[in-house]
Amino acid sequence: MSLLPKTVNPDLQKERDNASIKAEEFAVWWHGGKDRLKIKRDLELHILDDLDEDIYRFPNLSHEEIYNAAIKDFIKLAKKIQELKVERNYDGTDIWPSSVLWGAMPAGNPLAVHCGMVIECIRIQGTDEQFEKFGKACQSFSMTSAYAQTELGHGTFIRGLETRADFDHHTDEFVLNTPTISSYKWWPGGMGQSANHCIVPANLYIDNVCKGLAMFVVPIRDMETHAPLPGVDVGDIGKRMGFAGVNNGYLGLKNVRIPRTNMLMRHSQVHRDGTFVQSPVSVLTYFTMVYIRCLIVRNVATQLSMAATIATRYSAVRRQSPINPNEPEVQIIDHLTQQKKLFPEMANSIAYKLAFTKLYQLYETTSQDIKHGEFSRLPEMHSLSCILKVLCTSTTMAGVDILRLACGGHGYLSSSNIGNIYLDVGASCTYEGENTVLLLQVGRFLMKSYRSALAGKKLAPTVAYLQNAVKEKSLCHWTGSWEDLLKILQIATAHKTHITYENLMARLKAGQTEAEAANNTGIELTQAAELHGICFVAATFLEEVTGPHSKPRSPALNKVLGNLLELFMISTVLKYMHEVLRVHKLSEAEIRSLQTRLEDSLKAVRPDAVVICDGFDHHDRNLFSTLGSYDGNVYERIFEEAKRCPLNKQPVPEVIHTHLKPFMKSNL
Ligand SMILES: CCCCCCCCCCCCCCCCCC(=O)SCCNC(=O)CCNC(=O)[C@H](O)C(C)(C)COP(=O)(O)OP(=O)(O)OC[C@H]1O[C@@H](n2cnc3c(N)ncnc32)[C@H](O)[C@@H]1OP(=O)(O)O
Ligand SMILES: Cc1cc2nc3c(=O)[nH]c(=O)nc-3n(C[C@H](O)[C@H](O)[C@H](O)COP(=O)(O)OP(=O)(O)OC[C@H]3O[C@@H](n4cnc5c(N)ncnc54)[C@H](O)[C@@H]3O)c2cc1C
């Protein structure tokens, strides 16, 4: 019998009753309007409400059982999406990689890469005819696929990939081979057992001359029997830290033949006579990665808001330690240090979501440009998607762990679901470009931009601030306004960029090659890149709160968003104070006033913390957390989960009779 009360925990209810805004108002803003919120909720209702709760208890299953369950869950979900005929998420992005579906696939989706990446890859890299043939087959699931780029020996250094595709003039085919153990494809999601095709990036050879990387649609399993095709060695790579149901796989290819027309040929082509037509811009092959990096930003912003919701609701329900010795124990959310764990992460998730919206607009514009043969925005797009992917994943990983710690011992329970979120976010620091490597790409872009700034050339919009900062070495007058806080971060970034540039130049002057000098300047390049990302996020948040968007919002909501912005700005400037002090000598009194503002901003957010999290509008089944449910009945849920633990099914497990008792007896 369920122990769960039908009522909401009174402490949580009190928080909702006493807040300065209604959660609904925040939810409408967060989701971009009433209509969009309705689309999201209707979807969730259709997808999540009738699910069997046992699917959330996958940690109790074996690797194989989890995979079997994940496939079955995926099919249920796919059928629902097909019935609904929805293609787009509420925010206009593709439906499949969206968080609305996460609750239906708690162990991960063995066809996530198929749905979220391959279809877009075929759209970006393939011709319209190829999309008609392969893309549509993927959309209808008559073909299942994986994106098989990474190899056992190379993930980061794509130019080092060893898989080769040789053009055979006689048969009009490509012959694919992974000639060494290190060239085996390794890691692709869904490739183990789920996919019957792969997108294989490989080096294209014509008459034994390498033409660079191209992408090939390679059938790997029989369409009828699903058995591996001749020359194909495929399987699951074994248990990962997380991603339990995602079926990451390995793939070896030995003389596997595919028709010439299976090379994705939107940007570069091989004709029947073997003529090779080069892509107008070689890095277009990397554009699918740009798309996924953008989506990762949105995903981790959502995951951070989920962890913040769990920890904040729990902190409102849990009472421990009085503040004044003779008074009752307080809700732990009233301890100031607890607020310092919770609220900055809440503000970060908002900042990252806003940054995503801007990033995605740039992505859409750049995609349109590419269609019209215009590529000038690519370097900025690449750099921005890299830095936001890195900044948001790495700080979210750290933030989710802070939120886990904020839940004390119970945060460590698998049923809190924070561990699962942490492992998912942790993977995103590595996949789609390892974070340090992407920081170095951004550092390289900053060096180029700085050189242009010195030469007085026009810079791309997102680095335009470097131009002023080249001249303006410090703030003339410090008022401590939000605008000042942003300005000081920008000047600090420009300074960091400047000294990194100088150190790079000095190394070149001393005779180091460009590559050696870049390697030896790597630490500063990554630091400058991180600061650049912070500036973009801070500028976007500031614009949302103070710009024209604030006009239609109620004063109460604007106040709440202002409190969150204040917290974000102050926390950020304090975090990077060592860089700020290099460009502006803040006095002791000015630094003290920032500390006071930090404390005040925590107190200002406090009354609305629960409703802000309610406004993130996470369905209980998406959170699936004993600590974070809407009703706040935490202890009852923890208790019920413990009772469900498979070990508790029998009073004395078999192993006690077979091993422990005899051992104990032998020691009598
Ligand atoms: C169920 C889970 C749910 C989670 C949800 C996640 C989201 C939803 C999506 C669906 C589910 C997905 C699940 C996870 C999927 C993971 C899939 C993977 O990891 S797939 C595997 C992912 N693997 C990786 O991400 C590998 C990472 N490695 C790389 O990207 C590259 O090798 C490199 C960039 C590091 C270097 O490349 P290299 O060729 O050595 O280049 P150089 O350095 O010599 O620079 C030359 C010039 O090129 C320029 N440029 C470079 N890139 C771009 C670009 N994209 N554009 C434009 N330009 C670019 C660069 O700026 C430079 O310009 P310039 O200065 O000369 O003007
Ligand atoms: C959960 C998960 C899912 C994945 N899914 C897919 C998929 O669907 N398809 C696919 O193709 N791949 C997939 N991958 C692979 C993933 O894209 C790669 O692991 C990732 O790109 C990192 O490459 P790597 O493993 O070669 O790391 P490495 O590059 O070997 O990184 C190891 C260390 O070396 C450092 N390093 C490497 N190069 C440099 C450099 N130039 N400068 C400074 N430091 C450097 C890194 O910073 C890091 O600290 C997945 C990985 C994971 C974990």
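The model is predicted, so to speak of local features we need pLDDT of at least 70, side-chain atom pairs count only at pLDDT 80 or more, and totals for chains, interfaces and linings use all residues. Residues are numbered from 1 along each chain as its sequence is written, while chains are lettered from A and ligands numbered from 1 in the order in which they are written.

I start with the domains. The assignment gives domain 1 (32-109), domain 2 (114-279) and domain 3 (287-614); such bounds come from an automatic or database domain assignment. Between domain 2 and domain 3, the C-alpha centres are 36 Å apart. Where these two meet, nine residues of domain 2 are in contact with 11 residues of domain 3, contact being C-beta atoms, placed from the backbone, within 7 Å. On the domain 2 side there are five nonpolar, three polar and one charged residues. For these classes, Ala, Val, Leu, Ile, Met, Phe, Trp, Tyr, Cys and Pro count as nonpolar, Asp, Glu, Lys and Arg as charged, and the others, Gly among them, as polar.

Next, the ligands. Around ligand 1 there are 34 residues, and Pro97, Gly116, Tyr286, His382 and Gly433 come nearest; a residue is near if its C-beta atom, placed from the backbone, lies within 6 Å of the molecule. This shell divides into 19 nonpolar, 12 polar and three charged residues. Helix α7 gives the most to it, with six residues. Helices here are DSSP runs of H or I with at least four residues, strands are runs of E with at least two, and both are numbered from the N terminus.

Around ligand 2 there are 22 residues, with Gln149, Thr150, Gly155, Thr156 and Thr436 coming nearest. They split into 10 nonpolar, 10 polar and two charged. Domain 2 and domain 3 each supply at least three residues of this shell, and helix α11 (residues 435-454) has the largest share, three residues.

Which residues does UniProt mark as "binding site"? The unreviewed entry places that feature at Thr150 and Gly189; UniProt positions follow the numbering used here, feature names are shortened, and annotations may be inferred rather than shown by experiment. Although spread over 40 residues of sequence, the two cluster in space, with a largest C-alpha distance of 10.7 Å.

Thr150 sits in the loop between β1 (145-147) and β2 (164-168). Is Thr150 buried or partly exposed? Thr150 is partly exposed, because 19 other C-beta atoms lie within 10 Å. The cut-offs, with C-beta atoms placed from the backbone, are 20 or more others within 10 Å for buried, 12 or fewer for exposed, and partly exposed in between. Gly189 lies in the loop between β4 (185-186) and β5 (197-206). Gly189 is buried, because it has 27 other C-beta atoms within 10 Å. Leaving aside neighbours within four places in sequence, its contacts include Ala112, Val246 and Asn248.

Last, the core. The largest nonpolar core has 176 residues, of which Cys198, Phe216, Val297, Ala307 and Tyr352 touch the most other members. Helix α7 (residues 287-317) gives the most to this core, with 20 residues. A core here is a set of buried Ala, Val, Leu, Ile, Met, Phe, Trp, Tyr and Cys residues joined through C-beta atoms within 7 Å. In soluble globular proteins, nonpolar side chains tend to be buried together.
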